[in-house]
Amino acid sequence: MTERAAEALTPEQATELVQILDLQARWENHCSDPDSRPDTIGDLRARQRAHEQFQAAWNDYTKKHRTTSFPETTQSVPDRLAIWCRTLRAVFRGATGGNPVQVMAKVYRLADRIAARMEAGPVSRGSGEDLAAAACELDVVIAWCATLSAPVKAEAV
């Protein structure tokens, strides 16, 4: 999904998408957290439930909105993370409700990986507990990505 496509979503679609993105991020964050390795059957079942909830919500959404794509996460470099963040920002701005906390945790986790790989300082974090604050936080991440991408572009010239 592009930023332009995200801007064209109805408020209802954007709100549904925020919920699906939250479920996906909750599952991925749980799987990526080294402190949450499944020590028991209960932990493993919790991970499985999180994945099943995401899959069920995603399936329902795609049945209702067959022509709408999903903002995929292919952000292993700053430019790609910025593109994904712009799309998320458009979805958040178009939604009438939802919880962006898990999605923002995922954004920061991915930014931290890029920062470590590029030996750069981490992106500053806010407390985006609502969609408007999360959209502002995404602006900060987008600007941070631009600072990392600028030297690469200059070297290529």
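A residue is called buried here when its relative accessible area is under 20%, exposed when that area is over 50%, and partly exposed in between, as calculated with a 1.4 Å probe on protein chains only. By this definition C85 is buried, with a relative accessible area of 0%, whereas C136 is partly exposed at 49%.

The model is a predicted one, in which local features need pLDDT of at least 70 and side-chain atom pairs count only at pLDDT 80 or more, while totals for chains, interfaces and linings use all residues. Residues are numbered from 1 along each chain as its sequence is written, and side-chain values use heavy atoms, with hydrogens and water left out.

A disulfide is taken as a pair of cysteine sulfur atoms within 2.5 Å, and the structure holds 0 of them. C85 is accordingly in no disulfide, and the nearest cysteine sulfur, which belongs to C145, is 5.8 Å away.

L81 is found in helix α4, which covers residues 78–94; helices here are DSSP runs of H or I with at least four residues, numbered from the N terminus. L81 is buried, since its relative accessible area is 0%. Although L81 and I142 are 61 residues apart in sequence, their C-alpha atoms are 7.7 Å apart in space.

E119 lies in the loop that runs between α5 (101–118) and α6 (131–156). E119 counts as exposed because its relative accessibility is 76%, and its backbone has a positive phi of about 55° although the residue is not a glycine.

Key. Helix = DSSP H or I, 4+ residues; strand = E, 2+ residues; numbered from the N terminus.
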